[in-house]
Amino acid sequence: MADSAPADRNSAPRGGFGRGAAAGGRGRGAGGRGRGRGGAARGGRKDEEKDWVPVTKLGRLVKENKIKSIEQVYLFSLPIKEYQIIDFFLRGLKDEVMKIMPVQKQTRAGQRTRFKAFVVIGDSNGHVGLGVKCSKEVATAIRGAIVLAKLSIIPVRRGYWGTILGEPHTVPAKVTGKCGSVVTRLVPAPRGTGIVAAPVPKKLLQLAGVTDCYTSARGSTRTLGNFVKATFAAIGNTYAFLTPDLWPTATFTKSPFHEFSEFLQKTDNKKRY
């Protein structure tokens, strides 16, 4: 009735599309369906670690512990298509974001800007990788570059300068890498010298596990992308250089795909559509 007192706003839920704090309302209050930050997000967390289900032959062999080390993968030049394989073998990986640069593309609607990330990853013990990824968001670009860096991890051969004492500490020989106009040269150095290099190749050599090295670079080294790619190519050439200690004939064994062919033939009885 018109003479009755107005109902208290907090006494009962009103519903509707108002912004009241009533429970069960559709506004922005606590427990509502609006855009508030309270309560659990729908769909659960996306960051939850999921159990790895391998989709390649190499991934299946790795998960079943048929392959004992990543050196066995490099020995037979098996392609690595899943970054979880690297996570399985190399636990102490460290990543370093070298640069994030905006790149643009001209379209009819104007300029489209994306972000390009350069990420170096390594364990400071003979393994290093480089990843480059372009995406609309910085976080997505970095995440994708880390995955690509894991997939591109290569073994680094280390050697000695002079007397063969202690652990290998420098590059085994003079090696060169080139990308664009940048040419990077790595020269062995005596123990205790340190890494004599610019900040970009120095970080790459540290993550590769090289402690003493001389470097020289020519070309447009201000282009960081080509500079880091040239250094990465030079590090990769350490195993491309044949030295007398690699002359003895090696005994060849079966490839893991051939050795465990019976295991790979087994398939799970999954529901197919």
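Helices (H or I, at least four residues) and strands (E, at least two) are DSSP runs, numbered from the N terminus. The model is predicted, so local features need pLDDT of at least 70, side-chain atom pairs count only at pLDDT 80 or more, and totals for chains, interfaces and linings use all residues. Residues are numbered from 1 along each chain as its sequence is written, and side-chain values use heavy atoms, with hydrogens and water left out.

Start with threonine 170. Threonine 170 sits in the loop between strand E4 (154-155) and strand E5 (175-179). Its relative accessible area is 0%, so threonine 170 is buried. Buried means under 20% relative accessible area, exposed means over 50%, and partly exposed lies in between (1.4 Å probe, protein chains only). A polar atom of the threonine 170 side chain lies 2.6 Å from the backbone oxygen of aspartate 212. Contact is wider: heavy atoms within 4.5 Å. Leaving aside neighbours within four places in sequence, threonine 170 is in contact with residues including Arg158, Tyr160, Trp161, Val187, Pro188, Val210, Asp212 and Cys213.

Threonine 184 lies in strand E6 (residues 182-188). With a relative accessible area of 1%, threonine 184 is buried. Not counting residues up to four places away in sequence, threonine 184 touches Val175, Thr176 and Gly177, among others. Its contacts also include Phe227, Ala230, Thr231 and Ala234.

Phe227, Ala230, Thr231 and Ala234 are among the buried residues of H6. Others in that list include Leu224, Val228, Phe232 and Ile235. Helix H6 (residues 224-236) has 13 residues, which should span 18 Å at 1.5 Å a residue; its end C-alpha atoms are 18 Å apart, which agrees. The expected span is 1.5 Å times one less than the number of residues.

H4 has 14 residues and reaches 20 Å from its first C-alpha to its last, close to the 20 Å expected at 1.5 Å a residue. Ala141, Gly144, Ala145, Ile146, Ala149 and Lys150 are buried in H4. Their cover includes H3, strand E1 (94-107), strand E2 (110-122) and strand E3 (127-135).

Valine 138 also belongs to helix H4 (residues 138-151). At 32% relative accessibility, valine 138 counts as partly exposed.

Now the charges. Side chains of opposite charge can pair when their charged atoms come close. A salt bridge here is a side-chain nitrogen of Lys or Arg within 4 Å of a carboxyl oxygen of Asp or Glu. The structure holds three salt bridges.

Lysine 63 is partly exposed at 32%, and aspartate 51 is exposed at 64%.

Another pairs aspartate 87 with lysine 150, with closest N and O atoms 2.9 Å apart. Aspartate 87 is in helix H3 (residues 83-89) and lysine 150 in helix H4, 63 residues apart. Aspartate 87 is partly exposed at 25%. Lysine 150 counts as buried at 14%.

Arginine 157 and aspartate 245 form a salt bridge with closest N and O atoms 3.1 Å apart. Arginine 157 lies in the loop between E4 and E5, and aspartate 245 in the loop between H6 and helix H7 (256-259), so the pair ties together parts that are 88 residues apart in sequence. Arginine 157 is buried at 9%, whereas aspartate 245 is exposed at 54%.

Finish with the backbone. Most residues other than glycine have a negative phi. Serine 77 has a positive phi of about 55° although it is not a glycine. Serine 77 is in the loop between helix H2 (70-75) and H3, and is exposed at 63%. Serine 124 also has a positive phi of about 55°. Serine 124 is found in the loop between E2 and E3, and counts as partly exposed at 36%.

Technical notes. A polar contact is a pair of N or O atoms within 3.5 Å; within protein, one must be able to donate a hydrogen and the other to accept it, and residues adjacent in sequence count only if both atoms are side-chain atoms.
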